[in-house]
Amino acid sequence: MKIEQTLKNHNITILDTNEIFKCSENDHLLVGMRSLGKKGIPSGCHGGGCGVCKVKIHSDKNNYKTLSMSRAHISKEDEDNGVFLACRVFPLGDIELNVIGKIKRKCINGSKNFVFNY
Amino acid sequence: MGVMKIGHVNLRVLDMAAARNHYENIIGLIVTDEDEAGNLYFKGWDEWDKYSVILSPSDHAGMDHVAYKVETDADLDTFTKSIEAYGIAVEQLPAGVLIDCGRAIRFQLPSGHTMCLFAEKTFVGKSTGDKNPAPWPLDVKGVGAHWLDHCLLVCPLDPENQINTIADNVNFLSKCLGFRLTEQALVGPDEDIQAVAFLTVTNTPHDIAFVPGPTAGFHHASFFLPNWGDILRSADIMAMNKVKIDVTPTRHGITRGETIYFFDPSGNRNETFAGLGYLATPDMPVITWTEEEVPRGIFYHSGELNPAFTEVYT
Ligand code: FES
Ligand SMILES: [Fe+2]
């Protein structure tokens, strides 16, 4: 009989909002967050391309692994400082992080309704 | 003479194997070539020319260029003159620089996006052939997208500093390349800021479109499906494959298209788009959406903009 390997869940703490959610080793942080209905990190393309989910991870480098992500948003220096795109981070242990990415919005002067980002 | 249709988009991807699986097995395009630089070429089953999508390995996502096909080789000289007279520099590309294409010209739109024009691309045909063809081939994969339909680009807009590259693009494409404005959104206190624009060179409601953003970028490339049932099936296939869906099936007010938005594995947005909408002939008036109704123009049923849709791009 084949015994299915159980995937470990890890605690992810968003320090900015004090939200904690569990994320499996198989899921990137945004899948873990969204499947539990949490919204602390901005969620966009889930492919490491758009940059809205940028976070600073304070935990040890051994507590996560990453996939390739856009150099337009994450420099080598960012990586050395634990700054990554959350949708390319898979937990291997507990993680504490701060949210850096944000969706910037601005309205045209005198216009109430137009909410495109510029 | 003139611009005939969209030719291809060249997208940058972070992981070639994941991207290939997405465009080949989920969108259902056919791989037609791979070059030494690692670029992959794809066509829809219902396209005659060799490719409509080029994927290039890169360290960042987004669009490298979009190309349109013109009717005759001489059009390239005519357009070179009109584009240069407009004040935009034109680069002449010898045959083969765009692989499997004849000579081409390359220039930047006022928004900063790179556009190419070419007249010839290697013809490979459809598996259904051009004699007594079957309506569709049996061996299509995934969603089975028919063809690349249009692209939508994010263009810098900053009215306080008199920057509106959406309006600049509309002016340039109408004056120099014969595109026709079909629909627009006019916003701001005086309802005079052209913040969204849809243009055509064919008889479909759009072959290219522009929305505003803080920086130039790529919003989506759209692939054609015939009807609403195909859109539902397409969403099912994406969910089965855990593709990140941005917007589940709905209708646009603008163009009347039926749609799903989703992301490729590098975060470039794609759309599957169904329905002709309407016949966009040169005698139609420009359709205008007011500021209050822009959200309904974009998502007709909810009438609400989803922040990720307007603010996430590559
Ligand atoms: S959601 Fe787009 S980079 Fe993470
Ligand atoms: Fe579209």
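## A buried loop residue

B:T255 is buried, with a relative accessible area of 1%. Buried here stands for a value under 20%. The residue sits in the loop that runs between β15 (245-251) and β16 (258-263) of chain B. The structure is a predicted model, and B:T255 has a phi near 70 degrees in it, which is a positive value in a residue other than glycine. Most residues other than glycine have a negative phi.

## An exposed loop residue

B:N132 is not a glycine, yet its phi is positive, at about 40 degrees. B:N132 belongs to the loop between β8 (114-118) and β9 of chain B.

Is B:N132 buried or exposed? With a relative accessibility of 75%, B:N132 counts as exposed, because the exposed class begins over 50%. B:T255, at 1%, is buried.

## The iron site

Which residues coordinate the iron ion (ligand 2)? The donors are B:H150 and B:H220, each through NE2, and B:E271 through OE, at 2.0 to 2.1 Å. Along the sequence these donor residues follow the spacing H-x69-H-x50-E. The two histidines link distant parts of the chain: B:H150 is in strand β9 (residues 148-158) of chain B, while B:H220 is in strand β14 (residues 217-225) of chain B, 70 residues apart. Both B:H150 and B:H220 are buried.

## Strand β12 and its partners

Strand β12 of chain B covers residues 193-200, and eight of its eight residues are buried. β12(B) pairs with strand β11 (residues 180-187) of chain B in the antiparallel sense, over seven bridges. One position in this pairing is B:Q184, whose bridge partner in β12(B) is B:A197. The hairpin of β11(B) and β12(B) has five residues between the strands, and B:G188 in this hairpin takes a positive phi near 95 degrees.

β12(B) also pairs with strand β13 (residues 208-213) of chain B. These two strands run antiparallel and are joined by three bridges. In β13(B), B:I208 is the bridge partner of B:L199.

## Two domains in chain B

The domain assignment divides chain B into domain 1 (3-118) and domain 2 (148-311). Taken over C-alpha atoms, the centres of the two domains are 20 Å apart.

How many residues of domain 1 of chain B are in contact with domain 2 of chain B? There are 38 from domain 1, and they are in contact with 39 residues of domain 2. The area buried between the two domains is about 2800 Å². Carbon and sulfur atoms give 74% of that buried area.

## Chain A

Chain A has two helices and seven strands. From the N terminus on, the order of these elements is β-β-α-β-β-α-β-β-β.

Chain A has 118 residues, of which 47% count as buried. For contacts in chain A between residues at least 6 apart in sequence, 55% join residues at least 24 apart. Chain A exposes about 6300 Å², and carbon and sulfur atoms supply 47% of this area.

Conventions. Residues numbered from 1 in each chain as written. Chains lettered and ligands numbered in written order. Predicted model: local features only at pLDDT ≥ 70, side-chain atom pairs only at ≥ 80, totals over all residues. Heavy atoms only, no water. Buried < 20%, exposed > 50% of the residue type's maximum accessible area, 1.4 Å probe, protein only. Helix = DSSP H or I, 4+ residues; strand = E, 2+ residues; numbered from the N terminus. Pairing = 2+ DSSP bridges. Contact = heavy atoms within 4.5 Å. Areas by Shrake-Rupley, 256 points an atom, 1.4 Å probe, with all protein chains shown as cover. Donors = N, O, S within 2.8 Å, 3.2 Å for Na, K, Ca; no water. Domains from an automatic or database assignment. Buried area = accessible area lost by both parts, 1.4 Å probe.
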